[in-house]
Amino acid sequence: MTAYRLLFDHVLTRIDPERAHERSFRALRAAGPVLARAGFPAVHDAAPVQALGLRFPHPLGLAAGFDKNARGIDALAAMGFGHVEIGTVTGEAQPGNPTPRLFRLPADRAVVNRMGFNNDGAEAVARRLADRQRRGPGSRVVVGVNIGKTKVVPDDDQVAVQADYEKSAGLLAPYADYLVVNVSSPNTPGLRTLQAVERLEPLLQAVRRRADRATGDRRVPLLVKIAPDLAD
């Protein structure tokens with residue numbers, strides 16, 4: 001048995017999963033400069049990928065959900081990720097679901113995530129991304145921005161829903177290499193009703209228009225995150 005396995009089984013599993021995530025992410029951000037100097041040649045030697053009109057350094061990227069608030073983009077890039085998708089970010093800051101909301105399944109080498117879009121909100125995340133841009137990005141990592149619906153916005157009010165997504169798109173598109181509209185999370189009540197064509201089409205049109213106004217001549221690729229269990 002490896003030293004890490006002993007540490008995991010007898011120490012790490014005794015720490016609350018969400019607290020462990022926060023502490024490890026904080027340590028990762030602190031170690032970012034060291035990681036950047038060390039490099040990850042096995043990953044960096046992979047062939048670049050051309051997609052969405054973008055050049056990804058290699059195929060390995062980090063999905064949304066880990067760095068919800070754009071706090072560790074360059075530290076994650078230093079670990080070897082070629083693209084980092086931040087979020088899900090909502091129009092307004094929100095605490096997410098009540099705790100406990102993150103659960104380990106050690107036998108399955110998995111976790112169950114019921115966080116519920118806890119994040120600092122589009123305005124705070126946009127300021128953080130703007131600060132990163134002013135400093136000069138510490139890496140060439142491709143940055144995706146994943147946006148979702150604020151929980152308190154009524155899911156049956158299409159106008160309010162579109163305004164909520166438009167707010168996030170307008171604030172965040174200028175800093176995104178690609179933008180993702182998230183309508184798939186099961187942890188936000190009513191969110192998946194937006195996957196119906198008659199609701200999704202006008203929503204995407206509204207987000208597309210708002211993103212284009214925010215970015216001018218640069219057209220940001222727009223993706224949609226849908227549930228994996230939808231019928232054709």
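Start with the aromatic rings: this predicted model holds 3 aromatic pairs, counted by ring centres within 6.5 Å.

**Stop 1: F56 and Y178.** Select these two residues and look at how their rings sit. The ring centres are 6.4 Å apart and the planes meet at 45°, so this pair is classed as tilted. Now colour by secondary structure: F56 belongs to strand β2 (residues 54-56) and Y178 to strand β8, so the pair ties together parts that are 122 residues apart in sequence. Are the two partners buried or exposed? F56 is buried, at 7% relative accessibility, and Y178 is buried as well, with a relative accessible area of 4%.

**Stop 2: the sheet.** What is the order of its strands? Reading across, you pass β3-β4-β7-β8-β9, 5 strands in an open sheet with parallel pairing. At the edges stand β3 (61-62) and β9; each has a single partner strand, so one side of each has no neighbour in the sheet. Now zoom in on β7 and β8, which are joined in the parallel sense by 4 bridges. Pick I147 and you will find its bridge partner, V181, in β8. Next, show helix α6 (residues 122-135), which packs on the sheet and touches β4 (83-90) and β7. The direction of α6 makes about 150° with that of β4.

**Stop 3: helix α8.** Select residues 197-215, the 19 residues of α8. From first C-alpha to last, α8 reaches 26 Å, close to the 27 Å expected at 1.5 Å a residue. Show side chains for its buried residues: R199, L200, L203, L204, A206, V207, R208, A211 and T215. Which elements do they pack against? Their neighbours are β7 (142-148), α7 (158-172), β8 (178-182) and β9 (222-225). Step just past the end of α8 to G216, where phi is positive, at about 65°.

**Stop 4: the β5-β6 hairpin.** Move to strands β5 (residues 102-105) and β6 (residues 110-113), an antiparallel pair joined by 4 bridges. Click on L105, and you will see A110 of β6 standing opposite. Between the two strands of this hairpin lie 4 residues, and R109 has a positive phi near 55°.

**Stop 5: a charge over a ring.** Finish by selecting F25 and R29. Here R29 lies over the face of F25, at 4.7 Å from the ring centre.

Notes:
Residues numbered from 1 in each chain as written. Predicted model: local features only at pLDDT ≥ 70, side-chain atom pairs only at ≥ 80, totals over all residues. Heavy atoms only, no water. Pairing = 2+ DSSP bridges. Expected span 1.5 Å × (residues − 1). Buried < 20%, exposed > 50% of the residue type's maximum accessible area, 1.4 Å probe, protein only. Contact = heavy atoms within 4.5 Å. Axes fitted to C-alpha atoms, helices over the stretch in contact; angles between N-to-C directions. Phe/Tyr/Trp six-rings, centres within 6.5 Å; stacked < 30°, edge-to-face > 60°. Lys NZ or Arg CZ within 6 Å of the ring centre and 35° of its normal.
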